[in-house]
Amino acid sequence: MACTPGRTGARNATPAIGRGLPHFLLIGAPKAGTTTLAADLAAHPALWLPARKELGWFDVRWAREPLDAYRADLAAAPPGTLAGEATPTYLHAPGALERIAELVPDVRLVAVLRDPVARAWSHYWYNRAARLVEDRPPEEAIVGKPADYLEPGRYGAHLRRALGLFAAEKLHVLTIDDLAADPAGSFRDVCRHLGVPELVPVGVGTARNQAYAVRSPWVRRQMLRFQLWRRLPWQLGHRLDEWNRRPLSVPRIPDALAAELRRWYAADTADLEDLLGRPVPWGPSVGPRGAR
């Protein structure tokens, strides 16, 4: 069941969102199902998202690109549609939520959460097999780089910060388990939050961006080094990236590491359940699922 948490903080009334700025944002979390939800929302006739996911303007692009560059990314939205984008690092990236609140305080926010232990494990294998930027053993890498692997899963802390910046009705929270158990119902919940008709697309909930490794490490390194997803025409960059992917079977997380991470997240998970007013599937009252 999706959940919009109770109000703990709000901003005062704000001006209407102008053209070239987002009406809604999928703010996180990474490796938690935002790609799937974004693709389903893009199929809705009243909504528009750019073909390129993760524009990242409120975190990595903020300091180096003008606002006009971001407006240009969203300018292709047809008249009468609500424009949005999905950048799953916005929920945890330092300063991102504050910048969103300053520029578009009336924006509608959607956060998709996942068992933080499974999320961190998936993130590690993505960096190792898909991005080729990680070569350390998982026990060393995940615990040794908490800002990279563990911080994105501190959902309680991040959502409390969000609710100090936005009215509670601006934020909709659901889990990847909600999407899996009832994709149509979860999609309707998001539609109601965004204020658009509850038109469920065919194939809603079909998983996208599943785990993968690369065929050519050299091609992937060039794409990362020169940010070819942004420099090449979209279809060319997308097709090159798709060609370079092959399915990856992610191994099961070692029990000792899973237990250590579960302890690391225990206080935040309790805070998250208190904030949402309901148990989460990975909480102690439900029991954790294996991370694969």
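Strands S4 and S5 (residues 171-175) are paired in parallel through five bridges. The model is predicted. The pair belongs to an open sheet of five strands, ordered S2-S3-S1-S4-S5 and paired in parallel. The points below cover the sheet, the helices beside it and the nonpolar cores.

**Sheet edges**
- Strand S2 (47-48) and S5 are the edge strands, each with a single partner strand, so one side of each has no neighbour in the sheet.
- S2 is joined to strand S3 (residues 82-86) by two bridges, and the two run parallel.
- Within S3, Ala83 is the residue opposite Trp48.

**Strand S4 and its partners**
- Strand S4 covers residues 108-113, and five of its six residues are buried.
- Strand S1 (residues 24-28) runs parallel to S4 and is joined to S4 by four bridges.
- Ala111 in S4 is the bridge partner of Gly28.
- Ala111 also stands opposite Val173 in S5.
- In a regular strand, side chains alternate between the two faces of the sheet.

**Helices H1 and H4**
- Helix H1 (residues 34-42) lies across S1, S2, S3 and S4, and runs at about 165° to S1.
- Helix H4 (residues 116-130) has 15 residues and spans 20 Å from its first C-alpha to its last, close to the 21 Å expected at 1.5 Å a residue.
- H4 is mostly covered, with 13 of its 15 residues buried.
- At the start of H4, the backbone nitrogen of Val117 has a side-chain oxygen of Asp115 within 2.9 Å.
- After H4 comes Leu132, which has a positive phi, near 60°.

**Nonpolar cores**
- The largest nonpolar core holds 39 residues, and those touching the most other members are Leu25, Ile27, Phe58, Ile100, Leu113 and Leu159.
- At least two residues of this core come from each of S1, helix H2 (67-74), helix H3 (96-103), S4, helix H7 (155-163), S5 and helix H13 (255-276).
- A second, separate core has 19 residues, among them Ala38, Leu41, Val190 and Cys191.
- Apart from neighbours within four places in sequence, Ile100 is in contact with Leu25, Phe58, Tyr90, Pro105, Val107, Leu109 and Phe166.

Definitions and conventions
Residues numbered from 1 in each chain as written. Predicted model: local features only at pLDDT ≥ 70, side-chain atom pairs only at ≥ 80, totals over all residues. Heavy atoms only, no water. Buried < 20%, exposed > 50% of the residue type's maximum accessible area, 1.4 Å probe, protein only. Pairing = 2+ DSSP bridges. Core = buried A, V, L, I, M, F, W, Y, C linked by side-chain atoms within 4.5 Å. Contact = heavy atoms within 4.5 Å. Expected span 1.5 Å × (residues − 1). Polar contact = N/O pair within 3.5 Å; in protein donor to acceptor, adjacent residues only side chain to side chain. Axes fitted to C-alpha atoms, helices over the stretch in contact; angles between N-to-C directions.
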